Amino acid sequence: MAKTAQQTLSCYHCGDECNTIIKAHEKNFCCEGCRSVYEILNKNGMCDYYEISNNPGLSQRIKVREDKFAFLDEENIQASLINFRDDEQTHVTFYLPQMHCSSCLWLLENLYRLNDGVITSKVNFPRKEADIIFDHNKVSLRKVAELLTSIGYEPYISLNNLKKKTTSYDRSKLFKLGVAGFCFANIMLLSFPEYLGIDTKEQGLVNIFRYLNLILSLPVFFYSATEFYSSAWSGLKHRFLNIDAPIVLEILIAFGRSVYEVLSGTGGGYFDSMAGIVFFMLVGRVLQDKVYRQLSFERDYTSYFPVAVTLVKEEKDEIVTLPDIKLDDTLLIHSQELIPADGIITKGKALIDYSFVTGESLPVAKEMGEIVYAGGKQVEGNIEILVIKEVAQSYLTKLWNKEEKQRVVENERSFVHMMARYFTVILFSIAIAAAIYWQINDPSKTWNAVTAVLIVACPCALLLSNTFTNGNVLRILGRNEFYLRNAQTIEDIAAVDHIVFDKTGTLTTGRYNDVDYNGQTLSSDLKKKIASLAAQSTHPMSKAILKWLDVSQRYTVQGFKEKAGKGIEGIVAEDVISLGSELFVTGNRHSKNNQSSVYLSVEGELIGVFTFRNHYRDEIPVLLRKLQKNYSISVLSGDNDGEKNYLERLLGKGHQLLFNKSPEAKLYAIEALQQQGKKVMMIGDGLNDAGALKQADVGIAISEESNSFTPASDAILKADKLKYLYSFIKACKANKKVVLFAFVISVLYNIVGLSFAVQGTLSPLIAAILMPASSLSILLITFGMSNFLANRLRLK
Amino acid sequence: MSVIIILMIASICVAAMFLGLFIRSIKKGQYDDEVSPPVRILFDDKPSSLHKESKPNQ
């Protein structure tokens, strides 16, 4: 071990700063975990891993419990996880959230070199999944999971995996798009003779072209367009005319009239227009789907809970799946495991991290006999609990289930759907007016004019303008790592007038980074000693102290002891140094709130106290100042009001600050705001905000990693992009202007088309030019405008 | 006239062939993951097992 270091070295494996340096193979590692990964790869000649990207690994400081995957030996659990099994092979898909770079991809696809039993492995990068095929006669499922864990990719297996197989991406729209594109292009080509005027003598040839068009239009009408039929039909069933309804009407009429014309030999019909509409509309839908494939907004508690736990029995411990847990069962909870059901501790001392549930960032110590709630994570040591409520009845799960009041028919609020109604009404009045006029003046033209009106008055330009603008804005926001659930969310964000922030994890980083020191002045030698001691522990507070001390040199520490939830102690250069809670260091307990302070003593003498503050994200003050101008702001926190003064200074007067709020209280606070007629946006992170996020008009989940699990929400925002929130909101507002502008243009196109149609002079040629021209120009306008606006807002 | 018909049939057949290929590529999952294939192609496939034998210590 190197004792001195001139500068901080970074770990060869994970690139993290090394506090204690482990030298091996002429490389530096920050921890044993990183070193062992390197050794596994080195042994197998797979050091290419380190050449593809720099420091590709992730820190291995937190070790994975040895028999963590023991549950994978259970037959019934295996059966629900694997995709396929025969005599020789097993196919399984693992979700590997640690996957992040091309090195990961390379390593995971070369698994067979690490273990003979693995036949092939294939990575789906956007989904962070690996499909692994292995020979179960040579290696067990558990061994595969452990192999992945040993190289730093621990599979994430949650209760959710038990319920349903991961559904693969829906490819049906792509098929439909392909077919529509093929037919559209060919119909266009075959319509040329008709448009350019074919010799009337060649009537046979004309008919061949027409019938070919008819045949080509069948797959479009009966297959590709089904997308719209089902959507329009489900709208009609709810007595609601959605935007797909006029499209379907148009497709039906265009197809019907064209078939009639061809069969009766009176004309070529409008097959190309019809196929074109279907094709362009499908393009919009496919693009929209693409943005959202890998994101999941519909998570429930099962995605967070483990698959199985250890059940303590008199004879032998047993592994059971979560749904099989019954009342009065005794469960063994290992270190770093989530507590799956409410229970009473019967053995061991618990130190539980409830950050997931309450947002409180420091672990809470619980003694025997105390109640622990599901959702907490046991941080150190093993405990046993007696189940007092079943999994589905637990406090946390009940909170999730309660909010199942879905927002139904939210589409009705949408601007486009409102327009669609007007559009349909106006369209029919024009058609009727034209019918009456021609009935009086020239009855022979009635049929012609009415169908032409219905064909040419295409809501598709309007709809395209909307789909494409929304799609483009979603993509722009997505590039900036702000992922919205759907296009409706854009409108919702634009309508917001009140913003509620969660404190811990949202406004703050969730880590205790800011340290204040009170007490005797620390000499540089003492600092060095304290740093040496603190470097031995992985506790967040030790790390924060280490950072605050800012000394790179270290002494050797002897007799190091770490007591979970209490403190650390050791002999550094012949001094006994203790760091920890008041009780641990001084033996007494005076102050009420000792959670966010660490006491320091040297040789039994109290030297000083470190106090910790949540670290506010750097850009928060600026963001809040910007937002204040246009929005009222609330802060809801599960924490105590220790930072009230600071927040008051940040926000100024007239803003609501609420502390010590339970998850339900947060939900009710949002509800109360909504009852005042406010459109509320809630921004939060942990599960404790889940209720509030759902209740709010727009719920934005903050996530440190864009693919880590977040509560169900309308949008997911990557934590370090929070500073752009103001620009995001502005972009959503601009979106509406672009749609409106494109809408005006599409109305102009419609007026031109209709003016031909009502006179009964709409030739298929004009329709064939007008339709693609309007669609394409709308497309260009919306793309150009939304990109221009995004540029002005300095979004990528 | 007959030439045109033959040409037309030929052109549609060619287009249909491409449609078929497109459908096949969707079925094979080419559009499921658009990130990894471009990265994957850049990896050198070293004959790793031979490599290992010749240099057992590395």
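Trainee: What's the strand order in the open sheet of four strands in chain A?
Mentor: This is a predicted model, to be clear from the start. The order is β3-β4-β6-β5 in chain A, and the pairing is antiparallel.

Trainee: Which ones are the edge strands?
Mentor: β3 (82–85) and β5 (118–124) of chain A, as each of them pairs on one side only. From one strand to the next, the twist averages 15 degrees.

Trainee: How many bridges join β3(A) to β4(A)?
Mentor: Three, with β4 covering residues 89–95 of chain A, and the two strands run antiparallel. If you want a pair to click on, A:I82 has A:V92 as its bridge partner in β4(A).

Trainee: And which helix packs on that sheet?
Mentor: Helix α5 of chain A, residues 141–150. It touches β3, β4, β5 and β6 (129–135) of chain A, and its direction makes about 40 degrees with that of β4(A).

Trainee: OK, now the open sheet of seven strands. What order does that have?
Mentor: β16-β28-β27-β26-β17-β24-β25, in chain A, with mixed pairing. At the edges sit β16 (482–484) and β25 (656–658) of chain A, each pairing on one side only. Neighbouring strands are turned by 15 degrees against each other on average, ignoring direction.

Trainee: Are β26(A) and β27(A) parallel or antiparallel?
Mentor: Parallel: β26 (residues 680–684) and β27 (residues 698–703) of chain A pair over four bridges. Look at A:G684, which stands opposite A:A701 in β27(A).

Trainee: What about β10(A), which strands does it pair with?
Mentor: β10 (residues 343–347) of chain A pairs with β13 (residues 371–372) of chain A in the antiparallel sense, over two bridges. Four bridges join β10(A) to β15 (residues 383–387) of chain A, again antiparallel. On the β13(A) side, A:G343 is partnered by A:V372, while on the β15(A) side A:I345 is partnered by A:I385.

Trainee: Switching to helices. How do α19(A) and α20(A) cross?
Mentor: Their axes come within 9 Å and cross at roughly 150 degrees, with α19 at residues 524–534 and α20 at residues 540–549 of chain A. That angle is why α19(A) counts as roughly antiparallel to α20(A). The crossing is left-handed.

Trainee: Which residues meet there?
Mentor: From α19(A) you have A:K527, A:I530, A:A531 and A:A534, and they meet A:S542, A:I545, A:L546 and A:L549 in α20(A). By type, the contact has six nonpolar residues, one polar and one charged.

Trainee: And between the chains, how do α8(A) and α1(B) pack?
Mentor: α8 (residues 203–224) of chain A packs with α1 (residues 2–27) of chain B at an angle of about 15 degrees, their axes 12 Å apart. So α8(A) is roughly parallel to α1(B), and the crossing is right-handed.

Trainee: How much area is buried between chain A and chain B overall?
Mentor: About 2,700 Å², with carbon and sulfur atoms giving 66% of that. In residues, 35 of chain A are in contact with 27 of chain B.

Trainee: Which three residues of chain A supply more of the area it buries than any other three?
Mentor: A:R171, A:F175 and A:F182, which supply 20% of what chain A buries against chain B.

Methods: Residues are numbered from 1 along each chain as its sequence is written. Chains are lettered from A and ligands numbered from 1 in the order in which they are written. This is a predicted model: local features need pLDDT of at least 70, side-chain atom pairs count only at pLDDT 80 or more; totals for chains, interfaces and linings use all residues. Side-chain values use heavy atoms; hydrogens and water are left out. Two strands pair if DSSP finds at least two bridges between them. Axes are lines fitted to C-alpha atoms, for helices over the stretch in contact, and angles run from 0 to 180 degrees between N-to-C directions. Angles under 35 degrees count as roughly parallel, over 145 as roughly antiparallel, 65 to 115 as roughly perpendicular and the rest as oblique. A crossing is left-handed if the near helix is turned anticlockwise from the far one by less than a right angle, and right-handed if clockwise. Contact means heavy atoms within 4.5 Å. Buried area is the accessible area (1.4 Å probe) that two parts lose on being put together, summed over both. Ala, Val, Leu, Ile, Met, Phe, Trp, Tyr, Cys and Pro count as nonpolar, Asp, Glu, Lys and Arg as charged, and the others, Gly among them, as polar.
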